[in-house]
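The entries follow the order in which I checked things.

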Amino acid sequence: MENLVYIALFAPLVSSLFAALFGMSPKKQFVGVVASVLLGISLVASLMLASYVYTTGNTIHVTMMDWISAGDLHIPFGFVVDQVSVTMMSVVTLVSTVVHIYSNGYMDHDKSFNRFFSYLSAFVFSMMVLVMSDNFAGLFIGWEGVGVCSWLLIGFWYHKEDVSREENPSISPSWAANEAFIMNRIADLGMLVGLFILYWNVGSLQYDEVFAALPHLSGSILNAAAIFLFIGAMGKSAQFPLHTWLTDAMEGPTPVSALIHAATMVTAGVFLVIRANPLFSMTPDVSYFIAALGTFVAFFAASMALVNRDLKRIIAFSTLSQLGYMFAAAGLGAYWIALFHLAAHAFFKALLFLGAGNVMHAMHDELDIFKMGGLKKTMKWTYIYMGLASLALAGIPFFAGYFSKDAIIETAWNEGTLVLWLILVVTAGMTAFYSFRQVFLTFEGDERYKQYGIHPHEMYKYVLIAMSPLAILAVIAGFFKEPFEHFVTALLPEYHMSEHTHHIAWLLGIVVLVFAVGGIALAFKKYYKGLKRDEALESSWYYKLLANQYYIPDFYEEFISKPYAMISEKMWNSVDMRIVDATVDGIAKFLYETGDGSRKMQTGNLSNYLNWMAVGAVLLLVVAAVSAAVIG
Amino acid sequence: MIGLSHYLIVSAILFSIGLMGVLRRRNLLMLFFATEVMLNAVNIAFAAISHFYHDLTGQMFAFFIIAIAASEVAVGLGILIVLFKKHGSLDLDDLASMRG
């Protein structure tokens, strides 16, 4: 079993290093194939581990080697395979494998084909370290690793110029990559502080030791640790106010958006909260804040998705919104429901993104859904996939999202937080509306792309086949809710609905369903026949507010980026050039000029030298005499 | 009564004379003489202090200095003769060939 752990963990690393060997050379098809096969091996190992943990109930804990051992600080390179991490491993490797195979087709014409696979596999390795580590330090290393890989992959087309967008004055892949990295850096500082607080008070970073020591800590320390850890989670999972990077990250290649910015990396924040559930269950105030913030983000992101015209950005907003749902569940104490929604969401959201990638591929990188329409004729399978994924996302019965999202909404009712419940229900309706607005505008109605001279074509067959596991899971994942609950609650706290909630669960379900179906019906009515633009609506202030993302990117630009640039400029001109640089230059100039001046002593005349020697001797005598007198 | 300080004053005067010679003279031969004067000034001081403390070490040192000065003169004069044969002068202002 131990070997399986290592295979699951290191196969992506091997894949990354192998692809890196060819990083500089032109496209080699076998690189993509080898990478996909290695990822498949990792998937098989993860699934075998999952079935082992499921059938026996045992967990596997391996310590590979000592990593840091200095004084009292002792951090081993240890990995744990338990119910939570094995779930994450299976989800991560499954989506990664599909995305790797998909990338073979999607990156077909890219000249940096090999480099792409190297980065993508490196990301999977970092993600595996993140989820498998048995201590916070290892988690943090994985956390930073996925951050770096995300930066590399968002900025993969670094040569692209800045272009103007509706909601952003100027954006390019490299700009978006830097934005993502810097935003995460702000949050990671919070996370580091949280880790320091825990280490300072517990003396260890091992999960089991930390959690065992929590009851002995005072309430304020627990609160501080929980708050700072959650700040880290907010950055990685793009929660308000650190959310703007996620939509801009859509500048990266679409497989990256599917894998990193929908299915895996952005859920790392949720994973952290689930992992540290003993801490968060002891800090009810912080947990309630998490739930409230998650609910707010769910609504806030969904509202922006209502009017957006960019295919990928709509899905990115919906990711943001679903992350909000997960945080709401985790904050309300239903950790296993959060994890379940995380897994289900990974499947249908990755599928949705890959479908969007197909559309983008067909439309020659055009992303504006107002310029699409009627693609169902040429892209039948993509339509089916995206339709299924949207049904799952909207929470239509018997699709994956229905089981997981309904459970979250039910939890909000059960906890008596009716405001949260109401917002989550309304958001469910909005989710259904924007999902199907996008699907209908893309695939149904008049063929608007024709006037732009685009000839769409369906994706390669093997790519479509590779996507099928996600499609199947997006449909059936919900039916595994009972065994899943039984499986993970071996580790996570159980969560039961009260008797009262249980009785009216059917009613709650119907309320949600009404909203969801209503959203779809509205989208059907407005967009199924084709696009009829409503000038009055589009020029209204609330439409503009939403289309400009509440002017938050502008606000950040105006009140953070620009002042910061101004201060930097000032500091550079006055402090750096006039003080720091001037001091350094002054020292060099002084040495140079004294050297130049004393060069005149070198006359070649022995008599002059003797005179200088005498002067030196006298000076030394004076120094000796003075110091003797002073020290005395 | 002539005491230690008188000897030391004589020594200091002699040393200063020698030092002035080293500093002011331009002729190499004269520099040699001046150096000898300085060495002997030191010898006087050694001998006087040695007597004052009833310790023979200082006088032994003076002998060593005399012996080393003698050998130094022998070597130095040899070099001087070679220099004179080469340049036809012993004036330091004429010998300044290593001007930086």
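Which residues form a nonpolar patch on the surface, and how much accessible area do they have together? I find A:Ile567, A:Met571, A:Val575, A:Ile579, A:Val580 and A:Val584, with about 520 Å² together. I note that the model is predicted.

I took A:Met571 as one member to look up. A:Met571 sits in helix H24 of chain A, which covers residues 552–598. Its relative accessible area is 46%, so I log A:Met571 as partly exposed.

**Entry: chain A overall**

I counted secondary structure next. Chain A has 25 helices and 2 strands. Its C-alpha trace spans about 110 × 65 × 50 Å along the principal axes. Of the 632 residues in chain A, 57% are buried. I then looked at contacts between residues at least 6 apart in sequence: 81% of those in chain A join residues at least 24 apart.

Chain A carries 35 positive and 46 negative ones, and their mean positions lie 11 Å apart.

**Entry: salt bridges**

How many salt bridges are there over all chains? I get 15.

I looked up A:Glu144 with A:Arg185. Their side chains meet in a salt bridge at 2.5 Å, N to O. A:Glu144 is in helix H5 (residues 136–154) and A:Arg185 is in helix H6 (residues 173–202), so the pair ties together parts of chain A that are 41 residues apart in sequence. Buried or exposed, what is A:Glu144? A:Glu144 has a relative accessible area of 17%, and since the cut-off for buried is under 20%, A:Glu144 is buried. A:Arg185 is partly exposed at 35%.

Next I turned to A:Arg313. A:Arg313 forms a salt bridge with A:Asp248, with the closest N and O atoms 3.3 Å apart. A:Arg313 lies in helix H14 (residues 311–331) and A:Asp248 in helix H9 (residues 244–248), so this pair ties together parts of chain A that are 65 residues apart in sequence. Both A:Arg313 and A:Asp248 are buried.

A:Arg313 also meets the side chain of A:Glu251 in a salt bridge, at 3.6 Å, N to O. This pair links distant parts of the chain, 62 residues apart: A:Glu251 is in the loop between H9 and helix H10 (254–263), while A:Arg313 is in helix H14. The relative accessible area is 12% for A:Glu251, which is buried. A:Arg313 is buried too, at 1%. Which residues do salt bridges with shared partners join into one network? I list A:Asp248, A:Glu251, A:Asp310 and A:Arg313.

I stayed in helix H14 of chain A for A:Ser318. A:Ser318 counts as buried, at 1% relative accessibility. Not counting residues up to four places away in sequence, A:Ser318 touches A:Lys349, A:Leu393 and A:Tyr434.

A:Leu473 came next, in helix H19 (residues 461–476) of chain A. Leaving aside neighbours within four places in sequence, A:Leu473 is in contact with A:Leu94, A:Phe347 and A:Ala400. I also took a distance to A:Leu13, 460 residues away along the chain: the C-alpha atoms of A:Leu473 and A:Leu13 are separated by 27 Å.

**Entry: a positive patch**

Which residues form a positive surface patch? I find A:Lys525, A:Lys526, A:Lys529 and A:Lys532. A:Lys529 is in the loop between helix H21 (499–527) and helix H22 (535–538) of chain A. At 68% relative accessibility, A:Lys529 counts as exposed.

**Entry: backbone geometry**

I ended on the backbone. Most residues other than glycine have a negative phi, and most peptide bonds are trans.

The peptide bond from A:Phe240 to A:Pro241 is cis, with omega near 5 degrees. A:Pro241 is in the loop between helix H8 (219–236) and H9 of chain A.

A:Gln549 is not a glycine, yet its phi is positive, about 55 degrees. I place A:Gln549 in the loop between helix H23 (541–547) and H24 of chain A. A:Gln549 is buried, with a relative accessible area of 2%.

B:His54 lies in the loop between helix H2 (28–53) and helix H3 (57–87) of chain B. B:His54 is exposed, with a relative accessible area of 72%.

Technical notes:
Residues are numbered from 1 along each chain as its sequence is written. Chains are lettered from A and ligands numbered from 1 in the order in which they are written. This is a predicted model: local features need pLDDT of at least 70, side-chain atom pairs count only at pLDDT 80 or more; totals for chains, interfaces and linings use all residues. Side-chain values use heavy atoms; hydrogens and water are left out. Patches are made of residues with over 30% relative accessible area and no salt bridge: like charges are joined within 9 Å, nonpolar side chains (Val, Leu, Ile, Met, Phe, Trp, Tyr) within 5 Å. Accessible areas come from the Shrake-Rupley method with a 1.4 Å probe; for residues, only the protein chains shown count as cover. A salt bridge is a side-chain nitrogen of Lys or Arg within 4 Å of a carboxyl oxygen of Asp or Glu. Helices (H or I, at least four residues) and strands (E, at least two) are DSSP runs, numbered from the N terminus. Buried means under 20% relative accessible area, exposed over 50%, partly exposed in between (1.4 Å probe, protein chains only). Contact means heavy atoms within 4.5 Å. Lys and Arg count as positive and Asp and Glu as negative; His and the chain ends are not counted. The place of a charge is taken as NZ of Lys, CZ of Arg, CG of Asp or CD of Glu.
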